[in-house]
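Here is a structure to walk through together, one piece at a time. Have the sequence and the 3D view at hand, and follow along as we go.

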Amino acid sequence: MSALHELDATALRNSIQKGERSVRETILETFARVDALDPPLHMFLNTQRGEALSRAAELDQRLAAGERPGPLFGVPVALKANMCLAGVETNCGSRILGGYRPPYTATFVQRLLDAGAIVVGMTNMDEFAMGSSSENSAFGPTRNPWDPSRTPGGSSSGSAVAVAAGIVPIALGSDTGGSVRQPAALCGIYGFKPTYGRVSRYGLVAFGSSLDQVSPFARSVRDIELAMAVLSGADENDSTCFDEPPLQPEQPADPGSLAGIRIGVPKEYFPAVLAGGVRERCEAALARLSELGAELVEVSLPHTDYAIPTYYVVATAEASSNLARYDGVRYGLRVEGDGSLQGMFAATREKGFGPEVKRRILLGTYVLSAGYYDAWYGRALKVRALLARDFERVFEKVDVVVGPTSPTAAFKLGEKADDPVAMYLCDILTTPVSLAGIPGLSVPVGFVEEGGKKLPVGMQIAGPWKGDARVLRVARAYEIASEYHKAAPPMATLAPPRNPAAAKNASTGEGATRGARA
Amino acid sequence: MSTTQEKVGIGVVSEKTGVRWIPVIGLEVHCQLDTRTKLFCGCEYRFGAPPNSLTCPRCTGQPGALPVLNREALALAVRTALALGAEVAPWSKFDRKNYFYCDLPKGYQISQYDRPFCTGGGITLPSGKRVRLTRIHLEEDAGKAIHDRGDTTLVDLNRSSVPLIESVTEADLESPQEAYDYLTALKEILQYIGASRCDMEKGELRCDVNVSVHREGEPWGAKVEVKNVNSFRFVQQALEHEIARQIEACESGDPSRYPVQETRLFDGGKGVTRTMRTKESAHDYRYFAEPDLPPVHVDAAFLEKQRSFLPEMPALRRERYQKEMGLSPYDAGVLVADRALADFFEMAARVSKKPKECANWITNEVLRAFAEPEIGVKSVDEMLMKPADLAEMVDLIHRGVIHNNAGRQLLRAMMRTGKPAEVLVEEMGLAQVQDTGQIESWCREALAGKDKIVADVKAGKPNAINALLGPVMKASGGKANPQAVRETLLRLIEKM
């Protein structure tokens, strides 16, 4: 039997169903790993140990009583701290929502629970999902398990690390401009942003409403598919969610073959500024895709350069409105100020929001202001349409497009903290996909070495609108032909496993690789 | 400053200068739609419910909650547009209107900015004047801030997200009376189609007034918006005050006092307006398309379905009652003013085929009975009497089965109990006595010793008989048919 952190969700659930381990043992071991790894990595803003253990006991009883286990039965999961679970603090990494316990549960969280998943805790994030490094969290940064002096990426930092460090096989993040794909790349795991509208946003705290998508992290493509089958599907509580059944994976006769698949390689996605190692790893991955039978086609997405400015106009405009509700009247922080109503609003927001959030609220307020709307927000909407058309044209010729997820591997904490524009450029390859509303998956494609540490590199596979299943099929073929997704950071094995059987197995020398397909 | 101006024809002639000033008036009216649930969530709304008892994550602006459009609200809004002859857009969208206030839980109001669901249309006033509508849009209401509790402000979010339609007129109105007539007609139509109850005391209809004045033949003056005008009378008062104030300011010769574009607040207690904010301090609402709601499509089938729900509009109904049923303008007006009353009347008239009698009974006795506390019935909705019962009663009177006076008692009993007319006539013993022998014996008793009357009748003064009718009716307990009594008396006198 494999150690817990070596199993993906699919294998773990099957192991529980076969009686190899109880749900309770699974959760005890999970929290033993939290105890060992959370202090050095700071993944969680809160953990739900008591609730998780009592739910584990209940699930064990139900299994013993002959209940057919759900697709995520007994699987521990982590939620980004911008997701609503009734009664559990959801603070969005912000002081302004300190102590806020939502009175309702998000649709997608309820679907996880209904599938048998157990929530371990709420994970750290850049404040209100604004950032690419976790350094904008009001509660301190999360660290990259491959090199704790470096960022895990962001904004879904804690969820990415919880999966990479083997705490949970599946965690949820939210992706607005790359907040799941970029940390997935920097942590060496899968992170999938579905087509906008695929997953209900009801209960996801809004940042950029026209861009936000709930997005899973996992260590195998089949877990991403499993998570998507559970999370997706129509929801009457979200009018922007597709009125469609849950996403079903493609079932090619030979999952390992890409014969007949055309892969677009946008020249704009390999710019001169790309770090050498990242370029090399992505080119190697492209070569592997070609070996699997795919046809590589050079394509062009001419408006790519406008994606960053467009994104930072659209997302900040929406954010300036979405964050207006944090006024100290009904919940969260309140600072009385000068005693007037306006004074209370101002003092609460001054104290409650961090500098990056304030910067974006100001930007967003500006671009929507009378006299500036047409030049900024109105124009950004037009460019957004052009970006979407770029993709539509390319997808007339190819099935997916492929490029690096992030222009660099993980950078040092503090390296870009004082340079917002350098930080914004982290999103240069993910924001076009976000603005077009199309699906994008970051796939681990190897490592670069910096300062004696192995740092993961991610490659983004993007598909046409509603082409989620096609993206995952291409990733699955690559997964079969590669080992990178099995590599675990050295830290992941440091935690002393509590389960004696798992300890024995771990000591028999699987070392720092995961038998994800065990 | 009050009314120092004399009103003749169009506009207002200043007593001071003799100059004729033309007021230009437009109205923005918010009406609460009479839906079962709020515009963007499933909460009910009832005026006067305990504070914050009718709320949910959506209408309290909880993080992560999303709006979902109430189709019933859209249906009522579309019905309103059709009733006002407006054009319904095949697609429209919602926008966010951003501003901070403690009763606005999301920090923005979901409204419609540049793509309202409906444009055009209008109302013809009783005077024949046409008032055009610019647009009608759908939006959610805010909650209520309560400031009169010492130094704290309390917030009640029950009203948050209740559906409103805002209708905006062109600046077609020229006098306070026209504004009053317009509001009366609008309210009547909205109530008629069941879109809104328009109870101003419950805030179901709210009005903002735009007004400017200019000299005849000159360009329009600076537009002043007056807010917080909470009754039709106040609209008239606010306009009279504001028109007089603006004329006085224009004629003061002091440019610093000339009217400026601003928003003023009406003080109903004092009947005056005062500055709330000037143009410079106007809000920048930073409107943008609501990303949480897809555009609203109204297809031909939906439109036709809503059209099928529209009743006959009040003006047409009044005309039909006069032309086809022969009612007086007064009766037609009284009946049509209350749709439920008019519906009741039509059903009764259809059964009895005697529309004038039915109208008489309703406009006289039914309405009078509503005011009588012992009846305990104050409206058509509370009344247990069915239209067919009224028709039956009219028929019984017509056939001479009961007397008019008995009808008044019967009507009230039907309103209270809902029992059929015939049952009550029996129970209450209201039927007129048809037995000629019985009537004859009462008449003989009355004639005894009345030689003078008998002589007068015989001498060719038949009206002398009237003095005998009372005693006979009294003896019969009011149940004798007066016509039969009269004939019997004449017959008996002739034989004497």
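Predicted model: local features only at pLDDT ≥ 70, side-chain atom pairs only at ≥ 80, totals over all residues.

Residues are numbered from 1 along each chain as its sequence is written, while chains are lettered from A and ligands numbered from 1 in the order in which they are written. Helices (H or I, at least four residues) and strands (E, at least two) are DSSP runs, numbered from the N terminus.

Let's begin with the sheet in chain A. In chain A, 11 strands make an open sheet with mixed pairing, in the order 1-3-2-4-6-5-10-11-9-7-8. Two strands count as paired if DSSP finds at least two bridges between them. At the edges sit strand 1 (44-47) and strand 8 (295-299) of chain A, each pairing on one side only. On average, neighbouring strands of this sheet are turned by 30 degrees against each other, direction ignored.

Now zoom in on the end of that order. Strand 7 (residues 262-266) of chain A pairs with strand 8 of chain A in the parallel sense, over 5 bridges. Look for Ile263(A), which stands opposite Leu296(A) in strand 8 of chain A. Strand 7 of chain A also runs parallel to strand 9 of chain A, and 2 bridges join them. Here Ile263(A) turns up again, with Val400(A) in strand 9 of chain A as its bridge partner. Strand 9 of chain A in turn runs antiparallel to strand 11 of chain A, joined by 4 bridges. One pair to find is Gly403(A) with its bridge partner Gln460(A) in strand 11 of chain A.

Is strand 9 of chain A buried or exposed? 5 of the 5 residues of strand 9 of chain A are buried, so it is largely enclosed by the rest of the structure. A residue counts as buried if 20 or more other C-beta atoms lie within 10 Å of its own, exposed if 12 or fewer, and partly exposed in between, with C-beta atoms placed from the backbone. Helix 8 (residues 276-291) of chain A lies across strand 7, strand 8, strand 9 (400-404), strand 10 (440-450) and strand 11 (453-462) of chain A, and runs at about 125 degrees to strand 10 of chain A. For such angles, axes are lines fitted to C-alpha atoms, for helices over the stretch in contact, and the values run from 0 to 180 degrees between N-to-C directions.

Helix 9 (residues 307-322) of chain A packs on helix 12 (residues 374-394) of chain A at about 125 degrees, with axes 9 Å apart. Helix 9 of chain A and helix 12 of chain A are therefore oblique to each other (under 35 degrees is roughly parallel, over 145 roughly antiparallel, 65 to 115 roughly perpendicular and the rest oblique). Among the residues that meet are Val313(A) and Ala317(A) in helix 9 of chain A, and Trp376(A) and Leu387(A) in helix 12 of chain A. Residues are in contact if their C-beta atoms, placed from the backbone, lie within 7 Å. The residues of this contact divide into 9 nonpolar, 1 polar and 1 charged.

In chain B, helix 1 (residues 71-83) and helix 4 (residues 300-308) pack at an angle of about 70 degrees, with their axes 9 Å apart. That makes helix 1 of chain B roughly perpendicular to helix 4 of chain B.

What about the two chains together? Their contact takes 33 residues from chain A and 26 residues from chain B. Helix 9 of chain A gives the largest share of the chain A side, 3 residues.

A cis peptide bond joins Gly154(A) and Ser155(A), with omega about 10 degrees. Ala129(A) is not a glycine, yet it has a positive phi of about 70 degrees. With 30 C-beta neighbours inside 10 Å, Ala129(A) counts as buried.

Key: Contact = placed C-beta atoms within 7 Å. Nonpolar A, V, L, I, M, F, W, Y, C, P; charged D, E, K, R; others polar.
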